[in-house]
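Here are my notes for you on this one, written as numbered points. Have the structure open beside you and look up each residue as you go.

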Amino acid sequence: MVVPAQTAVASVVRERVTQWLAAQQWPENELHDVVMAVNEAVANAVDHAYAGRAPGDVSVDLRQVVEPGGRRAVVSVVDEGRWRAPRADRYRGHGLTVMHGVMDSVQIAHDKAGTRVTMLSALVPRLDEATVGEDERSAGPPPGAPGGADSGCEPSGAT
Amino acid sequence: MSESVDSEPTHEQLMVLRRRDDARCILIDVRGEIDAMTAPRLRETLLTALDEADGRAVILDLAGIELLASAGLAAIVEAQEVSESSQVSLRVVVDDTNAAVRPLQVTGLAASLRLYHDVADALRD
């Protein structure tokens with residue numbers, strides 16, 4: 001999903017991520033961890049990437065990967081703004097600490113084009129194979145949801 | 001207890017704040033989501049309560065929240081620092097499963113706050 005980099009959209013992103021993970025039957029505590037991390041990454045993009053400029057967009061992509069030992073959510077949060085190093089204040093320090101604390105890995109890449117935060121969630125149990133399939137793949141929309149089966153990485157089948 | 005309803009209903013769907021005063025404490029009950037949008041309102045309410053405590057404890061009840069983001073953590077840390085310098089007792093209510101515990105633990109802030117399991121527990125102290 002692509003949303004404008006504005007503070008108010010974070011709650012919309014959280015709702016969509018929650019719906020998508022719930023449709024994949026993500027365990028409750030781990031679901032909340034992913035939502036927290038995505039929220040911080042989006043807040044980071046809103047606060048810093050576009051500070052002093054016209055707001056651009058933030059793109060949030062969410063998919064799951066299936067491994068032999070379980071499943072993970074892979075989230076990327078991409079903005080087109082200019083990366084600014086986290087200020088040495090309590091606010092941003094907590095945001096990065098939360099992201100690192102609730103996800104298995106957090107990578108932040110930035111260049112002239114923008115900033116990409118890629119996060120890998122903790123491993124959660126697989127669903128039965130009839131539901132999930134064996135190979136790594138992007139999850140589609142929740143069962144029975146409108147929007148077709150080929151919406152790729154978008155939460156809730158967004159386009 | 002008398003009850004004063006929050007004066008800024010704009011984002012009430014996201015976060016509801018209620019402040020109740022009595023002779024022993026000021027209780028701030030938070031429901032919903034504390035994020036970058038709503039945290040400034042929590043900060044303002046906390047700092048006002050600390051300023052008006054006048055010997056009473058200030059109890060922040062987070063047992064009903066669904067999200068505590070870094071902006072909310074910053075507001076709580078600031079309130080904690082103000083409470084120490086002004087010698088007001090700030091007590092934070094969480095429960096074992098709620099959305100507050102996780103961010104407080106992963107940031108290490110749980111160790112520096114006075115945490116309680118319920119309001120009655122916080123009042124007994």
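1. Let's start with one residue: what is the place of Arg14(A) in chain A? Arg14(A) sits in helix H1 of chain A. Keep in mind throughout that you're looking at a predicted model. Now, is Arg14(A) buried or exposed? Its relative accessibility is 3%, which is under the 20% cut-off, so Arg14(A) counts as buried.

2. Next, look around Arg14(A). Setting aside residues up to four places away in sequence, Arg14(A) touches Val35(A) and Asn39(A) in its own chain, plus Leu14(B), Glu33(B), Asp35(B) and Leu67(B) from chain B. With Asp35(B), Arg14(A) forms a salt bridge, and the closest N and O atoms are 2.9 Å apart. The count of salt bridges between chain A and chain B is three.

3. Which elements give two or more residues to the side of chain A that touches chain B? They are H1, helix H2 (28–49) and helix H3 (90–102) of chain A. H3(A) gives the most, with nine residues. Sorted by type, the residues on that side of chain A are five nonpolar, eight polar and five charged.

4. How about the interface as a whole? In total, 18 residues of chain A are in contact with 21 residues of chain B. The size of an interface is often given as the accessible area lost when the parts come together. Here the two chains bury about 1600 Å² between them, and 63% of that is on carbon and sulfur atoms. Across the interface of chain A and chain B there are also four residue pairs in polar contact, both residues being at pLDDT 80 or more.

5. Which residues of H1(A) are buried? They are Ala10(A), Ser11(A), Val13(A), Arg14(A), Val17(A), Trp20(A) and Leu21(A). When you look at that list, remember that an α-helix has 3.6 residues a turn, so residues three or four places apart point the same way.

6. Now zoom out to chain A. It has four helices and five strands, and from the N terminus on, its elements run β-α-α-β-β-α-β-β-α. Of the 159 residues in chain A, 48% are buried. Among the contacts in chain A with a separation of 6 or more, 65% are between residues 24 or more positions apart.

7. Is Ser121(A) buried or exposed? At 2% relative accessibility, it counts as buried. A polar atom of its side chain lies 2.8 Å from the backbone nitrogen of Ala73(A). Beyond its neighbours within four places in sequence, Ser121(A) is in contact with Trp26(A), Val34(A), Arg72(A), Ala73(A), Met103(A) and Asp104(A).

8. Another serine to find is Ser105(A), in strand S4 (residues 105–111) of chain A. Ser105(A) and Ser121(A) are 16 residues apart along the chain, and their C-alpha atoms are separated by 7.1 Å. Ser105(A) has 28% relative accessibility, so it counts as partly exposed. Not counting residues up to four places away in sequence, Ser105(A) touches Thr118(A), Met119(A) and Leu120(A).

9. Last, some backbone angles. Most residues other than glycine have a negative phi. In chain A, H1(A) is followed by Gln25(A), with a positive phi near 55°. Asp54(B) has a positive phi as well, near 50°, and it lies in the loop between helix H1 (39–51) and strand S4 (57–68) of chain B. Gln87(B) also has a positive phi, of about 55°, and its loop runs between helix H2 (70–85) and strand S5 (90–93) of chain B. Are these two residues of chain B buried or exposed? Asp54(B) has 74% relative accessibility and so counts as exposed; Gln87(B), at 74%, counts as exposed too.

Note on methods: Residues numbered from 1 in each chain as written. Chains lettered and ligands numbered in written order. Predicted model: local features only at pLDDT ≥ 70, side-chain atom pairs only at ≥ 80, totals over all residues. Heavy atoms only, no water. Buried < 20%, exposed > 50% of the residue type's maximum accessible area, 1.4 Å probe, protein only. Contact = heavy atoms within 4.5 Å. Buried area = accessible area lost by both parts, 1.4 Å probe. Salt bridge = Lys/Arg side-chain N within 4 Å of Asp/Glu carboxyl O. Polar contact = N/O pair within 3.5 Å; in protein donor to acceptor, adjacent residues only side chain to side chain. Nonpolar A, V, L, I, M, F, W, Y, C, P; charged D, E, K, R; others polar.
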